[in-house]
Amino acid sequence: MRASHVSRRAVLRWIGAAGLGAPALVARAAALDRIRERGTLTVALYKDMPPFHVDGKGIDVQLAQALADALGVKLSMLAFNADENMGDDLRNMVWRGHYLGFGPADVLLHVPVDKPLIDDTPQARIFAPYYRERVVLARRLDALPQLDSLSALGDAKVAVPGQTLAGWLMIGADGGAYRNQLVTQWKDGTDAARALQRGEVAAAAGLASEMESVLRGDAHFAIAPLPSPRAQRNGWAVGMAVKKDATDLAQALQAGINDLARDGQLRTMFEGANVAWQAP
């Protein structure tokens, strides 16, 4: 059943079956009703996060539009700059609003579905994983035909955005053994990947989505998980977040994600950005 066909009666029936009282029923049924009454779904999106969102385009923009369509409403995008940590972003975009006066949105995309984060944020509901991200190392095959460990880099130059997880992992790898060969001025992984593409470095580290969006399909390059014991080789799930009591909205959005994954639309969104969709 598509999310747009989740009726109020069905939601109330679910709540009744769960044994919730009238106050809880009103609180939990309010979020989806408000969205449908105003006719828009407000989705918070990170600014400048290629390939997910840049200048109003990207995978998360397409996903936001598909979710709004599933609810039968228009899309309103709330683009924002990431704060110091994920907890700040959840506070600003999901459950309280920013001190500058904007937000919260109805839903925030690109949230790690991570148990410690869930436990630390009781005001938000984190759910609906739609992609599995990971840190990778891309390399030029003519310069580095084999790379089973980072020591195989030798003295080769590696592009990596410094203020990122990939940057932190590379700077600290093997006791800092590679610091002097890292080129870290890139604003994100796609910039680092383009430096590799131009032949300025022999390798580049970043997120799989960033590296693939630039290099995937080019036989001159290989992309593989970062060979470091500190990296999560299986990566982490990326999902979304709503206010904790927005149960009806969460159910409708989860149904929308399930449909998009089942009928192949989610995979198509990623393939359109040259990213291999990794099921969470």
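Predicted model: local features only at pLDDT ≥ 70, side-chain atom pairs only at ≥ 80, totals over all residues.
D48 lies in the loop between strand 1 and helix 3. Phi of D48 is near 50°, a positive value in a residue other than glycine. Most residues other than glycine have a negative phi, and most peptide bonds are trans. D48 is exposed, because its relative accessible area of 53% passes the 50% cut-off.

D55 is not a glycine, yet its phi is positive, about 55°. With a relative accessibility of 70%, D55 counts as exposed. P51 belongs to the loop that links strand 1 (40-46) to helix 3. The peptide bond running from P50 to P51 is cis, and its omega is near 0°.

Now step back to the whole chain. The chain contains 10 helices and 10 strands. Of its 280 residues, 49% count as buried. The exposed surface comes to about 13200 Å², and carbon and sulfur atoms supply 50% of that area. Take the contacts between residues at least 6 apart in sequence: 73% of them join residues at least 24 apart.

Over residues 1-28, the pLDDT is below 50. Beyond near neighbours in sequence, that stretch still has 36 contacts in the model.

Next comes the interior. In soluble globular proteins, nonpolar side chains tend to be buried together. Here the largest nonpolar core has 74 residues. L41, L109, Y130, L153, M240, L249 and L253 have the most contacts inside it. Helix 3 (residues 59-71) gives the most to this core, contributing 8 residues. What does L253 touch, leaving aside its neighbours within four places in sequence? L253 is in contact with L41, L67, L71, V107, F127, M240 and V242. Another core, of 15 residues, lies apart from the largest one. Its members include Y46, V111, L117 and A241.

Helix 7 spans residues 189-197, and its buried residues are G189, T190, A192, A193, A195 and L196. Which elements do they pack against? Three are strands 5 (135-140), 6 (158-159) and 8 (203-207). Helix 8 (208-215) and strand 9 (221-225) complete the list. After helix 7 comes G199, with a positive phi near 85°.

Finally, turn to the open space. The largest pocket has a volume of about 1200 Å³. It is lined by 37 residues, and those closest to its centre are M49, A82, T164, L165 and L207. Several elements give two or more residues to the lining. The helices among them are helix 4 (86-95), helix 5 (115-120), helix 6 (165-172) and helix 8. The strands are strand 3 (107-112), strand 8 and strand 10 (236-243).

Definitions and conventions
Residues numbered from 1 in each chain as written. Heavy atoms only, no water. Core = buried A, V, L, I, M, F, W, Y, C linked by side-chain atoms within 4.5 Å. Buried < 20%, exposed > 50% of the residue type's maximum accessible area, 1.4 Å probe, protein only. Helix = DSSP H or I, 4+ residues; strand = E, 2+ residues; numbered from the N terminus. Contact = heavy atoms within 4.5 Å. Areas by Shrake-Rupley, 256 points an atom, 1.4 Å probe, with all protein chains shown as cover. pLDDT = per-residue confidence, 0-100. 1 Å grid on protein atoms, 1.4 Å probe; cavity = no way out; pocket = protein on both sides within 12 Å on 5 of 7 lines; lining within 4 Å. Points joined across faces, edges and corners; volume = space filled by probe spheres on them.
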